[in-house]
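Subject: Structure handover

Hello,

Here is the structure for you to take over. Please open it alongside this message.

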Amino acid sequence: MKVIVVGAGIVGASTAYHLAREGVEVVVVDYLHEGQATAAGAGIVCPWISSGDDNHPDLYTLANAGACYYPSLISMLGQDGETNVSYRLVGAMAVNSDEAKLDAIEQMVRKRQSETPEVGEIRRLSPAEAQALFPPLNSGLGAVYVTGAARVDGKLMRDALNRAAQKHGALYQSGEADLEAKDGKVVGVRVKGQFISADAVVVTAGAWISKVLEPLGIDVSIVPQRGQIIHLEVPGHDTSNWPVILPQNDHYLVSFDHSRVVVGATRETGAGFDYRVTTSGVKEVLDKALSIAPGLANGTLKEIRIGFRPFGKELSPLIGLVPSMEGLVIANGLGASGLTMGPYVGLTAANLVLGNELDLDLTPFNPLRKVTV
Ligand code: FAD
């Protein structure tokens, strides 16, 4: 069996890896557009603290499965000699000055913990205890601390998956893939004028998916949501084990090795594929970050990244086969949680191609619910 994967962000890389491990002949085609979401992602793997997910139970189920899948994936990658993946359980703190809000968060997380032990330990922290774990933090913020949360550098994880897929025989080709179909069946792709045939094509093209599917008359209503995100260096601090900070809005702080703290991010729907750092974007991100962690004011601004999240209005991802187009699999629309869900969604896409039994009901993620063929 020969399978083409279109797009090598976190979803495509994971799909290719899981297929190649099963001995499938895999060709990955990636254009590496400016603004690949995986390369810009902050790297928070913690689906348990966001109360917004209560309104989207299917999204929570998928994000939870994604977070829980990481440890076994890291172990598999280790067996393939890939240890530079940056994934680490550093814990996360939901921070707030309002004790009643923290009470509600604690209650929600304890309920989730009773169903998912991977949430880890839950502790209520005073402002002083919270600041001891994250020194730049505003001294007026208490916290609910959860030990099972992790962080991961999307670029390193993506590269590890792609390298591991290659070790299992996957071939990589750079360029833009155009789908080719005949008599209701996908037959392959064309890249730089060259036709590559396949038995199945998995489209993991992120925010660019509409352009890929358009020639087949398939509309998936996914749009780019621009995110601007800032990398700071805080000299003299060992940030490698600092917990993720979640202030219960769209903004957050995530720390990595080498004194790096990543703060973000804007959520700009309607900006299109405008790959620019904007004045208002930088102001918004820094204002929010400094209000939560004023101790970062003396940090060095090292880098600003821009990424286009594959965003659907419904928020629920699109994962599945397209019955009217034999051989076509779609795995897309992971929005703001794609680094959490991406590896598991890639595994699921691989299982769909292989016809394996799935451990997740994909009905809520049926790509046809948004598709007009
Ligand atoms: P992408 O990573 O965008 O990859 C798509 C790939 O397809 C690209 O390389 C593109 O070039 C390629 N492609 C497209 N069309 C073609 C074609 N025709 N031919 C060949 N190649 C093609 N998620 C979390 O879980 N936690 C976070 O903390 C987090 N923070 C984020 C912060 C920001 C600022 C952003 C932007 C995103 C964040 N996310 C986070 C979300 C996450 O990064 C995305 O949901 C995820 O990376 C999407 O992965 P993807 O593989 O679907 O798409």
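Predicted model: local features only at pLDDT ≥ 70, side-chain atom pairs only at ≥ 80, totals over all residues.

My notes on it follow, by topic.

**Domains**

The protein chain splits into two domains. Domain 1 covers 2–39 + 155–222 + 314–370. Domain 2 covers 88–150 + 223–310. Their C-alpha centres are 30 Å apart. Where they touch, domain 1 supplies 14 residues and domain 2 supplies nine residues. On the domain 1 side, the touching residues are seven nonpolar, six polar and one charged.

**Strand 5**

Strand 5 spans residues 92–96, and five of its five residues are buried. Side chains in a regular strand alternate between the two faces of the sheet. Here both faces are covered. Ala92, Ala94 and Asn96 are buried on one side, with Met93 and Val95 buried on the other.

What does strand 5 pair with over five bridges? The partner is strand 7 (residues 142–146), in the antiparallel sense. Within that pairing, Val95 sits opposite Ala143. Strand 5 also runs parallel to strand 15 (residues 244–246), joined by three bridges. There, Met93 has Ile245 as its bridge partner.

Please look at the open sheet with the order 3-8-4. Its three strands pair antiparallel. Strand 3 (44–45) and strand 4 (88–89) are the edges. Each has a single partner strand, so one side of each has no neighbour in the sheet. Strand 4 is held to strand 8 (residues 150–151) by two bridges, running antiparallel. Arg88 faces Arg151 across this pair.

**Helix 6**

Helix 6 (residues 154–167) has 14 residues. From its first C-alpha to its last, helix 6 reaches 20 Å, close to the 20 Å expected at 1.5 Å a residue. Its buried residues are Gly154, Met157, Arg158, Ala160, Leu161, Asn162, Ala164 and Ala165. An α-helix has 3.6 residues a turn, so residues three or four places apart point the same way. The buried residues of helix 6 pack against helix 1, strand 2, helix 2, helix 3 (57–79) and helix 9. Just after helix 6, Gly169 has a positive phi of about 105°.

**Gln131**

Gln131 belongs to helix 5 (residues 127–133). Why is Gln131 classed as partly exposed? There are 19 other C-beta atoms within 10 Å of Gln131, and a residue needs 20 or more to count as buried. Neighbours within four places in sequence aside, Gln131 contacts Leu137 and Ser139.

Over to you.

Best wishes

Technical notes. Residues numbered from 1 in each chain as written. Domains from an automatic or database assignment. Contact = placed C-beta atoms within 7 Å. Nonpolar A, V, L, I, M, F, W, Y, C, P; charged D, E, K, R; others polar. Buried ≥ 20, exposed ≤ 12 C-beta atoms within 10 Å, placed from the backbone. Helix = DSSP H or I, 4+ residues; strand = E, 2+ residues; numbered from the N terminus. Pairing = 2+ DSSP bridges. Expected span 1.5 Å × (residues − 1).
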